[in-house]
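Work through the exercises below with the coordinates open. Try each task before you read its solution.

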Amino acid sequence: MQATKQNLRIQFFLTILSVALFILKFIAYFMTHSLSVLSDALESIVNVLAGAIGLYSLYVANKPKDKDHPYGHGKAEFISSAFQGSLIIGVGCLIIYKSIDSFIHPVSLHNLDKGIWLLFTIAVINIVTAYWVIRLG
């Protein structure tokens with residue numbers, strides 16, 4: 001039971017962190033008008049929703065067996081995975097659309113130096129977080 005609480009706390013922290021990184025990536029996009037930064041920010045939508053769905057599915061999957069679910073609630077994780085896959089496909093289609101639109105209607109880039117530093121900071125946060133989560137695993 002203690003491991004379950006720790007997993008929920010970690011997933012909650014990662015969900016909050018993904019929201020913060022999502023916001024920073026959109027700030028970087030609005031600073032630079034870069035399509036690659038936009039595609040990374042759009043992919044972060046999947047991270048935020050996947051984190052929230054993962055958090056909820058962990059909560060549901062760890063419920064004890066009951067009358068309606070004699071084998072437990074573990075299938076919630078499979079439903080979560082299917083939804084996350086659908087999100088990835090949807091965001092991929094949106095990125096393809098924006099790429100074609102950007103090819104037809106090019107936009108000039110701005111503030112690349114500040115945008116690169118912001119993205120570098122985001123990358124460092126991601127690396128440190130990944131290292132921390134791997135060590136916990």
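Predicted model: local features only at pLDDT ≥ 70, side-chain atom pairs only at ≥ 80, totals over all residues.

**Exercise 1. Overall fold**

Task: Determine how many helices and strands the protein chain has, and how its radius of gyration compares with the globule rule.

Solution: 
- Step 1. Count the elements. The protein chain has 4 helices and 0 strands.
- Step 2. Read them in order along the sequence. The pattern is α-α-α-α.
- Step 3. Compare the radius of gyration with the rule. The chain gives 18 Å, while the globule rule gives 14 Å for 137 residues. The value is well over the rule, so the chain is more spread out than a compact globule.
- Step 4. Look at the extents. The C-alpha trace spans about 60 × 30 × 20 Å along its principal axes.
- Step 5. Of the 137 residues, 27% count as buried. The accessible surface is about 9,500 Å², and carbon and sulfur atoms hold 70% of it.
- Step 6. Check the range of the contacts. Take those between residues at least 6 apart in sequence: 71% of them join residues at least 24 apart.

**Exercise 2. Aromatic pairs**

Task: Classify the geometry of F26 with F30, then that of W117 with F120.

Solution: 
- Step 1. Start with the total. The whole structure holds 5 aromatic pairs.
- Step 2. Take F26 and F30. Their centres are 6.2 Å apart and their planes are at 35 degrees, a tilted pair.
- Step 3. Locate them. Both lie in helix α1, 4 residues apart, about one turn of the helix. F26 is buried at 18% relative accessible area, whereas F30 is exposed at 55%.
- Step 4. Take W117 and F120. The centres are 5.8 Å apart and the planes are at 85 degrees, so this pair is edge-to-face.
- Step 5. Locate these too. Both lie in helix α4, 3 residues apart, about one turn of the helix. W117 counts as exposed at 58%, and F120 as partly exposed at 48%.
- Step 6. Look for a cluster. F22, F26, Y29 and F30 form one.

**Exercise 3. A nonpolar surface patch**

Task: Identify which residues form a nonpolar patch on the surface, and classify I96 as buried or exposed.

Solution: 
- Step 1. List the members: I96, I100, F103 and I104.
- Step 2. Give their accessible area. Together it is about 480 Å².
- Step 3. I96 belongs to helix α3 (residues 76–104).
- Step 4. Classify I96. Its relative accessible area is 53%, over the 50% cut-off, so I96 is exposed.

**Exercise 4. The setting of T129**

Task: Classify T129 as buried or exposed, and list its contacts beyond four places in sequence.

Solution: 
- Step 1. Classify T129. A relative accessible area of 13% is under 20%, so T129 is buried.
- Step 2. Leave aside neighbours within four places. T129 is then in contact with L14 and L17.

Methods. Residues numbered from 1 in each chain as written. Heavy atoms only, no water. Patch = residues over 30% accessible without salt bridge, like charges linked within 9 Å, V, L, I, M, F, W, Y side chains within 5 Å. Areas by Shrake-Rupley, 256 points an atom, 1.4 Å probe, with all protein chains shown as cover. Salt bridge = Lys/Arg side-chain N within 4 Å of Asp/Glu carboxyl O. Helix = DSSP H or I, 4+ residues; strand = E, 2+ residues; numbered from the N terminus. Buried < 20%, exposed > 50% of the residue type's maximum accessible area, 1.4 Å probe, protein only. Contact = heavy atoms within 4.5 Å. Rg over C-alpha atoms; globule rule 2.2 N^0.38 Å. Phe/Tyr/Trp six-rings, centres within 6.5 Å; stacked < 30°, edge-to-face > 60°.
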